[in-house]
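Subject: Structure handover

Hello,

Here is the structure we talked about. Please look it over, then read the notes below.

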Amino acid sequence: MGYSGVRGGMSAILAAEGLVRRARDHAATPWASTEQILLRFRLAVDRIMGEAGLYDEAIAADAFRQAEGDVLEAAHLVRAHRSTLPRLAVSEPVEPAEMVVLRRIVSAHRTPGGPQLLGRTTDYTGRLLERPDGPPPAADDAGAQVPPERTCEQRHPGRFSDLLRELDLLVEHRHGTAADPEPVDVAREPARPPAPRSAVLASMARAETGALVGLWYRSILGPDGAVHEVTLGELRHGRLPLRVIHPHTGNPVVVGVFRATEAEAIEDLDGADEDRTRFDIGYGMCFGHNERKAIAMANLDIAHRRFGDEGSLEQLLLLTTDGLDSGGFLEHLKLPHYVTFRSMMDRKLAGREARGTDDPNPRLPEPFGKEC
Amino acid sequence: MSPEAAARRPGQAPTLSPAEVQLVFRAVLEALARPGTPRQLPERPLAELPSALLPVLALSDLATPTCVLENGDRWARTVRTMTSAPMTGPADARLVAVLRQLADGEPVAFRTGSAAAPQDAALVCVRVPEIEAEPAGPGPVWRLEGPGVPGSRLLRVAGLPDGFVSWRDRLGSGFPTGIDLLFVTARGRLAGLPRTTRVGEEVI
């Protein structure tokens, strides 16, 4: 890579930054407070936390404001901030069964054990644009039913996959504690193929949502030749406790609660060397409320388990879905590449000069793209 | 009692605020970038914490093996409690605070990293009674040369055992392996001596 050092132009750079700050921070409209962003742009905040790999709603909201609503840029800001924080503890493993569900649907079965709890969703609402200039009048809400208080049991429903397991319809992957290695921390060691499943799952949990959905759609449409049935088993959004070991007592203590989305995808096994009398399950989980990401992740998890060592899926998952990786490389194209391009021009001109001579087969420049 | 000390619960160990951590980080960065030019650590924590512990407390977390050479284990426990850093012997630590007098010939084996990972070497913070940049008075002095030093610079560090310079030279003989040193006085004056700096011993 060759960049000319960024010299000169400093006053232009400062002025450009000043334009951003003035237009953003002094727009002739009330200040968008952190609380305002948290309550009205919840899904953007959740997406930023997931892609940044840091669960802190207020920080994600502030990044959203600083990035003028650019979610990927906000995730970049939060990940940069995260890298300055000391690592004070490693949490105890989270038990997903402890989730207090705010939403839980099983689209594969009418009575999956426990309630279908729609929670807060517009899944069944027509996409009609509303353009109010303020909150709707309170009278609209007066006739609405107040939902009954949910019981603890309803907030901790059983798992649909457990039902399938009881019916002996699932391939068993649990082989005791011996096959439970320490997970890979993708924030410390970049995962490269071949990677253990924990690295693939962690990479997907932090991936850019759009990139993951795009890759998922590609795997479904099948240009890679691995067409598979897609059934969503279970989808949950809820609160989970975070525990760390207390430095003095050595006992686990709850230090906070975070929201997460969890998905289980059911796969109809049909391969020649697969158990066709059973299903397999793919798993997805990410910070906050981001159903698209969790579902794509669960589907890709099972696709990776089935076809990961055949084609390019693992490589694509690990190397192309990170928003900071891909977005950062794209953004850097805007930095001065004067020297790189100058050398390309020189090679072209040298090639033309060589062609002008009597040499019938002149040495032409190398094609571009080998090193940058 | 300082407001920070008053705000702590009984039994809670003293530590650095996030703002103080950043000030310590900046001072360490500047000290290592310009070897032999003393910097000042933030003053508030010096009333409660040994000055040479501040860089270790600011930089360590659960991924940095850390060692505190002291009489007893009071400050090692503080570092472990406040940062979750794994406490190790001096030979395995990435961050070392030397809070007691080094005996003659004591400089022990510290981690020097490897050619592939020189960043794994130790950063050693040594408490010293006095440091003096460009000293005027007669006595032994170090002449520093290398990156971050335009020409050369004189530095006098008191209270080190004999043979300290040749010991350091031996550790750094396989450059880029070697150790980086910080000298800290009780009042929080801080001078850096990274492994890239060449030290010549003179008497003026």
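Helices (H or I, at least four residues) and strands (E, at least two) are DSSP runs, numbered from the N terminus. The model is predicted: local features need pLDDT of at least 70, side-chain atom pairs count only at pLDDT 80 or more, and totals for chains, interfaces and linings use all residues. Residues are numbered from 1 along each chain as its sequence is written, while chains are lettered from A and ligands numbered from 1 in the order in which they are written.

Chain B overall

Chain B has five helices and ten strands. Its radius of gyration is 17 Å, close to the 17 Å that the globule rule gives for 204 residues, so chain B is as compact as a globular protein of that length. (The radius is taken over C-alpha atoms; the rule is 2.2 Å times the number of residues to the power 0.38.) The C-alpha trace spans about 50 × 40 × 30 Å along its principal axes. Of the 204 residues in chain B, 39% are buried. Buried means that 20 or more other C-beta atoms lie within 10 Å of the residue's own, with C-beta atoms placed from the backbone. Contacts need C-beta atoms, placed from the backbone, within 7 Å. Among contacts in chain B with a separation of 6 or more, 68% are between residues 24 or more positions apart.

The sheet in chain B

Four strands of chain B form an open sheet, in the order E5-E7-E6-E10, with antiparallel pairing. Two strands pair if DSSP finds at least two bridges between them. E5 (131-133) and E10 are the edge strands, each pairing on one side only. Neighbouring strands are turned by 30° against each other on average, direction ignored. Those angles use axes fitted as lines to C-alpha atoms.

Strand by strand:

- E5(B) and E7(B) pair over three bridges. B:Ala133 has B:Leu155 in E7(B) as its bridge partner.
- E7 (residues 149-157) and E6(B) are joined by four bridges. Here B:Arg143 partners B:Leu154 of E7(B).
- E6(B) and E7(B) form a hairpin with two residues between them. In the turn, B:Gly148 has a positive phi of about 90°.
- E6 (residues 140-146) and E10 (residues 198-203) of chain B pair over six bridges. B:Trp142 partners B:Glu201 of E10(B).

Two domains in chain A

Chain A divides into domain 1 (10-82) and domain 2 (96-120 + 150-173 + 184-321). These bounds come from an automatic or database domain assignment. The C-alpha centres of the two domains lie 29 Å apart. Ten residues of domain 1 and twelve residues of domain 2 make the contact. Helix H3 (residues 42-52) gives the most to the domain 1 side, with seven residues. That side divides into four nonpolar, two polar and four charged residues. (Ala, Val, Leu, Ile, Met, Phe, Trp, Tyr, Cys and Pro count as nonpolar, Asp, Glu, Lys and Arg as charged, and the others, Gly among them, as polar.)

One residue in H3 deserves a look. A:Gly50 lies in this helix. Why does A:Gly50 count as buried? Because 27 other C-beta atoms lie within 10 Å. Leaving aside neighbours within four places in sequence, A:Gly50 is in contact with A:Ala205, A:Cys286, A:Phe287, A:Gly288, A:Asn290 and A:Lys293.

Between the chains

Six residues of chain B are in contact with six residues of chain A. The chain B side divides into two nonpolar, three polar and one charged.

Best wishes

Notes: Two residues are in contact if their C-beta atoms, placed from the backbone, lie within 7 Å. A residue is buried if 20 or more other C-beta atoms lie within 10 Å of its own, exposed if 12 or fewer, and partly exposed in between; C-beta atoms are placed from the backbone. Axes are lines fitted to C-alpha atoms, for helices over the stretch in contact, and angles run from 0 to 180 degrees between N-to-C directions.
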